[in-house]
Amino acid sequence: MKELIAQKLNEIEQKENVRIIMAVESGSRAWGFASPDSDYDVRFVYARTIKDTLRLEKYRDVIEWQLDDVLDINGWDLQKALRLMHDSNPSIFEWCSSPIIYRNSKAFEELKQLKDEFFSPKKSLYHYWHMANSNYQTYLQGEEVRIKKYFCVLRPLLAARWVVDAKTQPPMLFSELLAKLPTELEQSVNNLLEMKQIMPEMGLAPKIGILDDFIEEELNLIKAKAEEEQEKKVDWTSLNKFYHNQILCDK
């Protein structure tokens, strides 16, 4: 599959006339709890030529290349990605932390060195709270629920716990985030992981009361912690320098 993804990235560069500086896995495969039929969520950041960057007419700052049962491939223009990093958007931070890399470069390594300067605990906590709350309210209210959605709630909650304790970007892998899971929930979560690895994406199971109680308590706690955090102000200097270097460099 990595060879196919590499081929797709080459096609994008040729047909869109861009230079891809990084491409990673961003979904359940990067989180470490993929189902047998999980697709590949490929996310990339690309730089346009200086000629295209200086065009007067507007152009889209995303490339949506493929979406089917196997591949979900899309990317952001470098300018968009850097603006989101300046605003401490957790998505770009997670891309930079993905354990599965499909395209690396010197520019990507430099970008990963820059990211900590712009990490905001407050914005990160709100992001993970919203993600967990949205999935919980939408998908975990019936008597039977999709197993995958428990992880779509537990992962952001544990990531938020990481932010509260360490004030740093949490790891992508769910196995590393389990360090923040209360001991009394370990068996229930381990059972879920075993089920997730053998069941299809849409697999159903009865609700788990002990996890629901933890989720509701944690949602309230994380929201309160987010409100307590101070806003972080940063300037554009390092990102502007990085952007100029990438746009002006030879392809």
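Of the contacts in the chain with a separation of 6 or more, 72% are made by residues 24 or more positions apart. The model is predicted. Its secondary structure consists of twelve helices and seven strands.

The overall dimensions were examined next. Along the principal axes, the C-alpha atoms fill a box of roughly 60 × 40 × 30 Å. Of the 251 residues in the chain, 50% are buried. The accessible surface of the chain amounts to about 12,700 Å². Carbon and sulfur atoms contribute 49% of that surface.

With regard to charge, the chain carries 34 positive and 41 negative charges. The mean position of the positive charges lies 6 Å from the mean position of the negative charges.

A disulfide is a covalent bond that joins the sulfur atoms of two cysteines. With a cut-off of 2.5 Å between cysteine sulfur atoms, the count of disulfides in the model is zero.

Backbone geometry was considered at two residues other than glycine. Asn17 has a positive phi of about 55° and is not a glycine. Asn17 is located in the loop that connects helix H1 (2-16) to strand S1 (18-25). The relative accessibility of Asn17 is 36%, which falls between the limits of 20% and 50%, so this residue is partly exposed.

Ser88 also has a positive phi, near 60°, and is a residue other than glycine. The position of Ser88 is in the loop between helix H4 (78-86) and helix H5 (90-97). The relative accessible area of Ser88 is 3%, and this residue is therefore counted as buried, the limit being under 20%. Thus Asn17 is partly exposed, whereas Ser88 is buried.

Note on methods
Residues numbered from 1 in each chain as written. Predicted model: local features only at pLDDT ≥ 70, side-chain atom pairs only at ≥ 80, totals over all residues. Heavy atoms only, no water. Helix = DSSP H or I, 4+ residues; strand = E, 2+ residues; numbered from the N terminus. Buried < 20%, exposed > 50% of the residue type's maximum accessible area, 1.4 Å probe, protein only. Contact = heavy atoms within 4.5 Å. Areas by Shrake-Rupley, 256 points an atom, 1.4 Å probe, with all protein chains shown as cover. Lys, Arg positive; Asp, Glu negative; His and termini not counted. Charge placed at Lys NZ, Arg CZ, Asp CG, Glu CD.
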